[in-house]
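My entries follow in the order in which I made them.

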Amino acid sequence: MAQGATDKLYDYWRSKLDGDRIPDRIDMLMSEMKDVLPQFMLLERSNQGASFRIAGSDVCTTHRSELKGTALRSIFVHQEAIDALVEKVFEKEVAFRIATRLKSEWGYAEFDTILLPLRNGSEGVVRMAAAQSPTTTLWWRGSYNVSLHTILKVDELPWRRGSTIVRDPRLQPPAYEAPVFEFARRGRPPEGRKVRHLTVIEGGVHG
């Protein structure tokens, strides 16, 4: 399976670590991240938590909006949870992977988003490298308006020596706020019992 943009960025970011010291913004070279630039996001600390300095073309196309200057929280349903994650990224140098789901007129799609702390010289940790990409094919990308992202799962990613993936239940949305959706069935064959070339379903026969 081909490595996704979020995993590629995570590996690249880790390659820039100096022991347990996180990379500086100037260490992240666009010329070395060509494969992830459409999904890449650079965020800065702001009075809105974190705001977009750079948003890749795929990210803007998915949301049908130029995101530069807007708040990261603005594309999520669970904004308080995003605020808590952002604070931990900047204050505790924590890295996160967020699984989300959004809805378009065509159906539902699931996404993978990664948030990685960055230094910015003497200012300290006030930048964030990020990437967002779908885990399913989006042939309809940019053709339909989409909902805000609903958070399904949050994992703290390991990067310090001896660290492991941690799932913090305090950062997960309440179960009633994360309903299980089914993907649109448009274009899928109906489910049923096969009899030769026919599919027998409740209420009739499909040829």
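**Aromatic pairs**

I counted three aromatic pairs, taking the rings of Phe, Tyr and Trp (its six-membered ring) as paired if their centres lie within 6.5 Å, with planes under 30 degrees apart called stacked, over 60 edge-to-face and the rest tilted. Trp 13 and Trp 159 form an edge-to-face pair, because their ring centres are 5.7 Å apart and their planes stand at 85°. This pair links distant parts of the chain, 146 residues apart: Trp 13 belongs to helix α1 (residues 5-15), and Trp 159 to the loop between β6 (150-157) and β7 (193-195). I noted that Trp 13 and Trp 159 are both buried, where buried means under 20% relative accessible area, exposed over 50% and partly exposed in between (1.4 Å probe, protein chains only). Elsewhere, ring pairs join Trp 106, Trp 139 and Trp 140 into a cluster.

**Basis of the entries**

The model is predicted, so I kept its limits in view: local features need pLDDT of at least 70, side-chain atom pairs count only at pLDDT 80 or more, and totals for chains, interfaces and linings use all residues. Numbering runs from 1 along each chain as its sequence is written, and side-chain values use heavy atoms, with hydrogens and water left out.

**Charges over rings**

I applied the rule that NZ of Lys or CZ of Arg must be within 6 Å of the ring centre and within 35 degrees of the ring normal. Arg 14 lies over the face of Tyr 10, 4.4 Å from the ring centre. Lys 103 has its charged end over the ring of Tyr 108, at 5.9 Å from the centre.

**Overall fold**

I found three helices and nine strands, read as DSSP runs (H or I, at least four residues, for helices; E, at least two, for strands) numbered from the N terminus. Their order along the sequence is α-β-β-α-α-β-β-β-β-β-β-β. Of the 207 residues, 43% are buried.

**Cores**

I looked for nonpolar cores, meaning sets of buried Ala, Val, Leu, Ile, Met, Phe, Trp, Tyr and Cys residues joined through side-chain atoms within 4.5 Å. The largest has 46 residues, and Trp 13 and Leu 72 have the most contacts inside it. Helix α3 (residues 79-92) gives the most to this core, six residues. Another core lies apart from it and has six residues, including Trp 106 and Phe 111.

I listed contacts (heavy atoms within 4.5 Å) next. Beyond four places in sequence, Trp 13 touches Ile 22, Pro 23, Met 28, Leu 116, Pro 117, Leu 118 and Trp 159.

Is Thr 113 buried or exposed? Thr 113 is buried, because its relative accessible area is 1%. Thr 113 sits in strand β4 (residues 108-118).

Gln 39 is in the loop between α1 and β1 (40-46). Gln 39 counts as buried because its relative accessibility is 14%. I found a polar contact of 2.8 Å between the side chains of Gln 39 and Asp 58.

How values were computed
A polar contact is a pair of N or O atoms within 3.5 Å; within protein, one must be able to donate a hydrogen and the other to accept it, and residues adjacent in sequence count only if both atoms are side-chain atoms.
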